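Reader: I have a new structure to look at. Could you show it to me and then walk me through the surface and the charged pairs?

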Amino acid sequence: MNPSILHFSRAGNALKALFFIGFAALAFVVAGALHREDAAPPPRIDFDGAVPPPPAPRRDPLAPVKIPALIVAGGVCLFLAGRHGARMVTRRVAARIEGGHLHCHASLVSAAEPIPVAAIVDAVFDRADRLPGEGSGAVRLGARLRHGLYLRYMVDGSLGELRLADNDIDGGAEQLRRFAAHLDAWRQSAARTAQRG
């Protein structure tokens with residue numbers, strides 16, 4: 001495989017798409033169950049002609065926001081599933097180094113223009129739980145099984161970050177490691193050129 005190009009992985013993105021579809025389905029099922037519970041009238045019990053007192057109303061302070069929050073969460077999960085599904089189907093280039101620039105897929109960075117290799121401040125390839133940045137305990141625990149590439153770059157005076165995970169990339173950790181080494185060689189070359197100039 002070419003060390004200067006990273007392709008999206010079909011298998012990794014298929015698993016992530018299924019994962020998010022599962023969470024979306026769960027969110028919509030729970031929202032439907034809550035809606036049916038709210039819409040159902042309370043059961044009426046007949047005590048031989050005597051009318052029982054009405055039940056005390058249940059007061060749940062989160063009741064007005066539960067269903068909308070679940071619908072929004074399900075929608076976000078569907079969006080993420082669609083993004084990973086599109087990556088799986090198209091298997092486009094995630095990132096490539098060409099002509100002293102890092103070209104990234106639009107879903108990875110917000111910068112419209114390619115990132116100059118000389119503008120990359122940090123490039124760290126390591127186990128995902130040791131990469132810079134914050135994460136919850138559960139995320140960090142799962143990240144011990146993954147490897148990633150963390151890039152920090154300065155473009156037009158603003159600092160940006162890019163994270164690539166081995167399960168998103170065709171060839172996994174080995175291809176990501178070769179890409180990181182190739183990127184580091186480009187960075188060293190750019191630094192030598194800047195020193196001569």
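**Surface patch and salt bridges**

Author: Leu 15, Leu 18, Ile 21, Phe 28, Ile 71 and Leu 78 make up a nonpolar patch on the surface, with about 580 Å² of accessible area together. The model is predicted: local features need pLDDT of at least 70 and side-chain atom pairs count only at pLDDT 80 or more, while totals for chains, interfaces and linings use all residues. Residues are numbered from 1 along each chain as its sequence is written, and side-chain values use heavy atoms, with hydrogens and water left out.

Reader: What counts as a patch, and as accessible area or a helix?

Author: Patches take residues with over 30% relative accessible area and no salt bridge, joining like charges within 9 Å and nonpolar side chains (Val, Leu, Ile, Met, Phe, Trp, Tyr) within 5 Å. Accessible areas come from the Shrake-Rupley method with a 1.4 Å probe, and for residues only the protein chains shown count as cover. Helices (H or I, at least four residues) and strands (E, at least two) are DSSP runs, numbered from the N terminus.

Reader: Which element gives the most to the nonpolar patch?

Author: That is α1, with 4 residues. Leu 15 lies in this helix.

Reader: Is Leu 15 buried or exposed?

Author: Leu 15 is exposed, because its relative accessibility is 61%. The cut-offs are under 20% relative accessible area for buried and over 50% for exposed, with partly exposed in between (1.4 Å probe, protein chains only).

Reader: Different topic. How many salt bridges are there?

Author: A search of the whole structure finds 8. A salt bridge here is a side-chain nitrogen of Lys or Arg within 4 Å of a carboxyl oxygen of Asp or Glu.

Reader: Which residue does Asp 166 pair with?

Author: Asp 166 pairs with Arg 146, at 2.7 Å from N to O. The pair links distant parts of the chain, 20 residues apart: Asp 166 is in the loop between β7 (158-165) and α4 (172-196), and Arg 146 is in the loop between α3 (137-143) and β6 (147-155). Asp 166 is buried at 7% relative accessibility, whereas Arg 146 is partly exposed at 32%.

Reader: And what about Arg 187 and Asp 184?

Author: They form a salt bridge too, with the closest N and O atoms 3.7 Å apart. Both are in helix α4, and being 3 residues apart they are separated by about one helical turn.
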